[in-house]
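This report describes the fold of one protein chain and the contacts within it. The sequence and the model are shown first.

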Amino acid sequence: MGKKKTLALCAAILLSFGVKANAQVKDVSFTASPVLGYTWWHNNLNMGDTPYYGVRAGIGLGPLIEFRALYERSYNLKGKLKGSSWGALQSIADKLEDAKIHIDRLGGEVKLNLWDGTALTPYLTAGGGLMNFKYDYPVAPGKYKEEQLYGSIGAGAKINLARRIALTLEGRNIFFNVDKNNHYLAAGASKNGRLHNWAAQASLDFYFGGTSEYPKDAVSRAYRDAFAGGYRGMKFSLEPGVAYINFNDKSIFRNQWFVGGSLGVDLNPLIGVRGYYYRAAQSPRTRKLKTSDHMQLFGGKFIGRLNFPQGVTPYISMGAGYMLVDKDNYVDKFGTRLGRSGLYATAGAGIDMPLHRSVAAYVAVDAMLNRQDNPNIKRILEPSQVNLSMMYQAGIRFHFGSPSPNPRDVYRNYITSARGAAREANMSEINKLRAEYESRIAKLNRELEEAARNHDAEKVSRIIEEKNALDNIKSIKSEEIIRTEYAYPKDIVLTTSQFESLVRRVVSEVKGANAQTITNANVMGSSLTDLDKILLINALSQAKYRQHLAPQQIVMPAVKKDDSKTEQLLERMEELVRRVDRLDRSNRDLRDVTLQSQVLNAPVAPIIQEVRTPSGDDVVLVTSAREPVLRFRGLTLFTGPSFGDHTTWNLGLRPIFQIGRSDFAFAPETFIGLGSNDGFGLSANVLYGFRIGKILPLKPYVGVGLGYTDINSTVRFGTNVIVGTYFTDILGGKLSVDYSIRNAFKNNQISVGYTFNF
């Protein structure tokens, strides 16, 4: 009866929701939860119902999906209460069943929150793990221990107490198969089949990391999208790759290479789904990539990234599929044809390595549970009966989607819109005030005319004073509104000659007319006014970029007119500008280029220079005095025929690293060869790009290098010679055509490629 009431309460909680509350933590978060629960065991089990306690910890991928590990341990509550001296606790103990066994559960589960943003959120769980039974056997006294695999499904409700704290109430069904020789089976019970047991539990979930809510303004959303992969909304992926399955020792299948790929969609930067297809290589345990239909894989998987894809990003995956085996032609490792098609499940992890916003390399490892190697999977009792194989994958991901807007452009538009709105509001206020004051002045004019006709000198004098005061108030109010319109920071612009004259005057005041160098201490410890110091420091902080500003202007932040002190500072500023102009006319020959770095101990100014990359692009570089030797400039994907002593169709990639600011580039290269003669190659090359101006959209290049090739089991180490050209500005990148001579004309390749610019 107690079990039914508890489960009914859980069901009632699931059906009640809808109150708006603090939302679940978003993005990637970490969870930790203490747990208390109670288990009602199946009637065929000879053990009393038991309470338990434990802990769960895991990771959340957004507000809806969580992966959690768990540890739970049974607790002999009746024995503890019996040992109490308080009679009330002993009375409660008499109503409890006596636990005859000690149980530990270690496992994991997936939690799916059905929605987000309500005070009460229902959820579903599914998982499994290992359960240990420890007990005393009365027939043969002694301690006994047994291991049992179990599965579980459940449902519950999460009560969001705060943004990062939630109370959860959950009901679970825990099921496992029963060994007919287990001693905890009740007398006369059926010794076959799966037993289902019920449990209810409560936990307090704590969330760490992540963000409490998504940004509401356009600027914050643009920056978030830019740092979350560079795409807005969903993006699609095309992923060519290879796979290798290392079947378990008890399997009849041979270890096998596969060639294929996957197609899928990322629902957001953290969560994606994929469908894939692989064909077996004709030579199962070699790198020959000629495929056959003797074994094929059709499957799908879920991908959950553990971070935003801004660098090397780990992810977890779960999936399932179907292994199609040609039972008439597939020869297993025992020389027979007993291989059969069947379902399989996978779970594992991988790493994404971004090469470009639209390109990433990946590697993954999955544990595979297939039906052929586990024919009695529904009757598995313990871990030793599970036969797992390992699946290794590698490939390239190509992303397609709507790029996120440039955050800087969004911010500029926001500022422009805000200024326009403020200007309209201020003009409306000015017009309103003007109308009010003009109406008041018109009324005073009428009163003044009437007083003049009546020769009332006293009234005429009073009206004139009131009118003058009203005109002054109108002028002041209009000026205040105009000032609020321009409350945004603006710039004071000094020409180069004015700036140098200002510097000379300050130097003279600090160290005398013939001063050559000054320091921060000289400036801050001098008799200069605070405004002089502010002007000097701000001007010098901008001066190192003056040779790049047009038309040679130094930009300094303005001081806002807030109070009387600010008004005085502004007057002082105007006086200073007049003094600078006078000094400028008398000291045009002053050229103290190095003063600013001597005053502020500033680093060497950046070098801004237009250079040309080896791939043919004219770019503007902003570099420091120390520059890296190699700069990653692009990634070329190419394909084409290879001929000579063997013929293949090659697929490959060639990253491009510019050497310094020269026209040379380091270009390593790798390719695979497909066809009747499979192949593989790896080389290191140096390319030189020619400058032919802007007349034609061509950027020719030549290169030499050393490499390794293995084509049709013929291994060679030799030279490479590359001649080709780029066709620039093709869909944001470059199209390339080149001819490669490998191993002194023993292998020749004509390829067409596309370069993604970085």
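How many bridges join strand S10 to strand S11? Nine bridges join strand S10 (residues 256-266) to strand S11 (residues 271-281), and the two run antiparallel. Strands here are DSSP runs of E with at least two residues, helices are runs of H or I with at least four, and both are numbered from the N terminus. Two strands pair if DSSP finds at least two bridges between them.

## Basis and overall composition

The model is predicted: local features need pLDDT of at least 70 and side-chain atom pairs count only at pLDDT 80 or more, whereas totals for chains, interfaces and linings use all residues. Residues are numbered from 1 along each chain as its sequence is written, and side-chain values use heavy atoms, with hydrogens and water left out.

The protein chain contains 11 helices and 28 strands. Of its 758 residues, 41% count as buried; buried means under 20% relative accessible area, exposed over 50%, and partly exposed in between (1.4 Å probe, protein chains only). Contacts are defined by heavy atoms within 4.5 Å. Among contacts with a separation of 6 or more, 61% link residues 24 or more positions apart. The chain exposes about 39400 Å², of which carbon and sulfur atoms supply 60%; accessible areas come from the Shrake-Rupley method with a 1.4 Å probe, and for residues only the protein chains shown count as cover.

## Two closed barrels

One barrel of eight strands closes in the order S9-S10-S11-S12-S13-S14-S15-S16, with antiparallel pairing. Its neighbouring strands are turned by 25° against each other on average, direction ignored. Such angles run from 0 to 180 degrees between N-to-C directions, with axes as lines fitted to C-alpha atoms, for helices over the stretch in contact.

Strand S21 (residues 630-644) pairs with strand S28 (residues 747-757) in the antiparallel sense over nine bridges, and the partner of Leu637 in S28 is Tyr754.

## Strand S3 and its neighbours

Strand S3 (residues 65-74) is mostly covered, seven of its 10 residues being buried. To strand S2 (residues 50-61) it is joined by 10 bridges in an antiparallel arrangement, with Gly60 paired to Glu66 in S3. S2 and S3 form a hairpin with three residues between them, and Gly62 in the turn has a positive phi of about 80°.

Nine bridges join S3 to strand S4 (residues 102-113), again antiparallel. In this pairing, Ile65 stands opposite Leu112 in S4.

## Salt bridges

A salt bridge is a side-chain nitrogen of Lys or Arg within 4 Å of a carboxyl oxygen of Asp or Glu; the count comes to 22. Glu170 and Arg56 form one of them, at 3.4 Å from N to O. Glu170 lies in strand S7 (residues 165-177) and Arg56 in strand S2, so the pair ties together parts 114 residues apart in sequence. Both Glu170 and Arg56 are buried.

Lys235 and Asp266 meet in another salt bridge (4.0 Å, N to O). Because Lys235 lies in strand S9 (residues 231-246) and Asp266 in strand S10, the pair ties together parts 31 residues apart in sequence. Both Lys235 and Asp266 are buried. Asp366 forms a salt bridge with Lys301, the closest N and O atoms being 3.3 Å apart. Asp366 belongs to strand S15 (residues 359-370) and Lys301 to strand S12 (residues 291-305), so this pair ties together parts 65 residues apart in sequence. Asp366 is buried at 1% relative accessibility, and Lys301 is buried at 11%. Salt bridges that share partners also join Arg56, Glu66, Arg68, Glu109, Lys111, Glu170 and Asp205 into one network.

## A nonpolar surface patch

Phe690, Ile692, Ile695, Leu696, Val702, Val704, Val721 and Val723 make a nonpolar surface patch of about 690 Å². Patches are made of residues with over 30% relative accessible area and no salt bridge, where nonpolar side chains (Val, Leu, Ile, Met, Phe, Trp, Tyr) are joined within 5 Å and like charges within 9 Å. Strand S25 (698-711) and strand S26 (714-730) each supply at least two residues of the patch. Val702 is placed in strand S25 and counts as partly exposed, at 32% relative accessibility.
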